[in-house]
Amino acid sequence: MANFTINALIDRSNYPSLNDSVYLNQASLGLIGQPAVQSMHDFLDKIARHGNLRMTDEEEVGFFESLRQRGARLLNCSPDRLAIIASASELLGQLPFLIRPTSGSCIVAVSTDFPAITRPWIRYAEEHDCALRFVDDIATENLTDGLIDNIDSRTAVVAISSVQFSTGTMVDIPRLREACGRVDARLVVDVTQAAGILKIDSQHWQADAVVTSGYKWLGGHGGVAIATVAPGLLEQDTPLPGWMGTTNPFDFDATTLTFATGARRFTQSTMSYISMVGLTTALENLMTLSAGQREAHSRRLAHRLIQGTQTYGWTPFRALETPSASPHIVTLAHSEFDVERARDALRRNRIVCGTRNGRIRISLAPYNNSVDIDALVDVLATLES
């Protein structure tokens with residue numbers, strides 16, 4: 001094993017869980033840093049618990065703007081194209097009814113993608129006589145090539161995660177966008193397992209929607225998500241209009257319906273404002289580091305992880321050197337050991353990671369260091385002996 005030290009990129013003291021645990025599970029429920037936690041406490045104590053004594057109707061409408069500005073920076077879009085929603089699924093579930101593929105057309109997706117991406121299209125296809133074409137994420141094959149090979153003149157939509165949650169496989173979004181453009185297919189991209197580590201450039205990607213939950217590597221809590229929406233979709237009325245997404249939310253005329261300009265129309269109702277505050281603070285802290293710094297740090301840790309574990313027979317889903325391998329999600333399998341047994345052994349040693357599709361999933365964050373990696377390797381070594 002390498003003997004050089006890889007230090008954390010950020011202050012580990014902001015994560016009390018790290019005092020007695022090794023946390024390698026940011027891809028599930030991620031740790032939340034103390035600055036975001038403090039801002040949520042402050043909001044609850046100073047504003048939320050006092051109702052309208054401390055927040056007027058006008059202030060509630062304007063409350064979204066700080067997050068909108070920071071979210072637009074993160075995803076590289078204009079603020080008017082940034083939707084603030086209660087969850088990624090809230091928008092993903094509406095997209096089939098905004099895009100409206102015609103009968104006889106085809107929707108391309110990944111067979112092992114996160115269900116929030118695929119299930120809305122499954123339902124839509126059943127009701128509108130569309131075909132679903134699922135592409136398998138195979139370790140020996142390039143997933144982007146597989147998706148492109150399945151795009152033809154019938155393809156109306158490609159809906160995928162840019163990083164696959166169960167394998168860490170990355171999709172080349174610019175290449176996929178180019179292939180979609182050749183047949184006028186729409187492109188929907190979920191970046192929940194990428195945002196916060198990898199660069200998300202929605203302006204360059206020109207996808208019809210780029211969606212991310214507000215937790216995991218973004219450092220927030222559940223109850224808020226952000227998305228960029230293409231101008232063509234912003235010109236349409238939303239399938240699920242709420243009271244907050246209108247021109248003037250506090251004009252309570254129940255007999256009329258108007259939509260706010262831009263992506264504000266996708267905000268349905270009063271949300272978890274405490275989560276919005278936390279995410280706003282988390283994004284501000286996150287963006288003190290460049291995406292390049294965050295990615296490079298994860299890649300160094302991933303190299304150390306793979307180098308250390310392969311000695312004991314653990315193999316990654318993809319070699320880190322391949323273009324399709326993400327630097328921050330590494331999944332390992334062993335020919336002799338059951339992964340649940342390995343995960344339980346790690347848990348007994350207060351090392352937290354996940355299991356997905358028969359593999360151990362290790363997800364790396366800026367607070368991780370080489371000591372974390374070495375601890376995991378040491379436990380897996382005991383299984384070998």
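# Exercises on strands, loops and contacts

In strand β7, Val210 is the bridge partner of Val189. This is a predicted model, in which local features need pLDDT of at least 70 and side-chain atom pairs count only at pLDDT 80 or more, while totals for chains, interfaces and linings use all residues. Residues are numbered from 1 along each chain as its sequence is written, and side-chain values use heavy atoms, with hydrogens and water left out.

## Exercise 1: the whole chain

Find how many helices and strands the protein chain has, and state what its radius of gyration is.

Step 1. The protein chain comes to 14 helices and 13 strands, where helices (H or I, at least four residues) and strands (E, at least two) are DSSP runs numbered from the N terminus.

Step 2. Along its principal axes, the C-alpha trace spans about 70 × 55 × 30 Å.

Step 3. Of the 385 residues in the protein chain, 55% are buried; buried means under 20% relative accessible area, exposed means over 50%, and partly exposed lies in between (1.4 Å probe, protein chains only).

Step 4. Among contacts (heavy atoms within 4.5 Å) between residues at least 6 apart in sequence, 72% join residues at least 24 apart.

## Exercise 2: strand β6 and its partners

Decide whether strand β6 is largely enclosed or open, and name the strands with which β6 pairs.

Step 1. Strand β6 covers residues 186–190, and because 4 of these 5 residues are buried, the strand is largely enclosed by the rest of the structure.

Step 2. Strand β5 (residues 155–161) pairs with β6 in the parallel sense over 5 bridges, where two strands pair if DSSP finds at least two bridges between them. Within this pairing, Ile160 has Val189 of β6 as its bridge partner. From β5 the chain crosses through helix α8 (residues 173–182) to β6, and this β-α-β crossover is right-handed, a term used if, with the strands pointing away from the viewer, the path from the first strand over the helix to the second runs clockwise.

Step 3. With strand β7 (residues 209–213), β6 also pairs in the parallel sense, here over 3 bridges; Asp190 has Val211 of β7 as its bridge partner.

## Exercise 3: strand β7

Work out which residues of β7 point one way and which the other way, and say how many bridges join β7 to β8.

Step 1. In a regular strand the side chains alternate between the two faces of the sheet.

Step 2. From β7, Ala209, Val211 and Ser213 point one way, whereas Val210 and Thr212 point the other way, and all are buried. The strand is accordingly described as mostly covered, with 5 of its 5 residues buried.

Step 3. Strand β8 (residues 225–229) runs antiparallel to β7, and 5 bridges join the two. In β8, Thr228 is the bridge partner of Val210.

## Exercise 4: two polar contacts

Identify which side chain makes a polar contact with Ser39 and which with Thr256.

Step 1. Ser39, in helix α1 (residues 34–46), is buried, with a relative accessible area of 14%. A polar contact of 3.1 Å joins its side chain to that of Thr281; such a contact is a pair of N or O atoms within 3.5 Å, where within protein one must be able to donate a hydrogen and the other to accept it, and residues adjacent in sequence count only if both atoms are side-chain atoms.

Step 2. Thr256 lies in the loop between α10 (231–234) and α11 (273–286) and is partly exposed, at 48% relative accessible area. Its side chain and that of Asp253 are joined by a polar contact of 3.5 Å.

How values were computed. The radius of gyration is taken over C-alpha atoms; the globule rule is 2.2 Å times the number of residues to the power 0.38.
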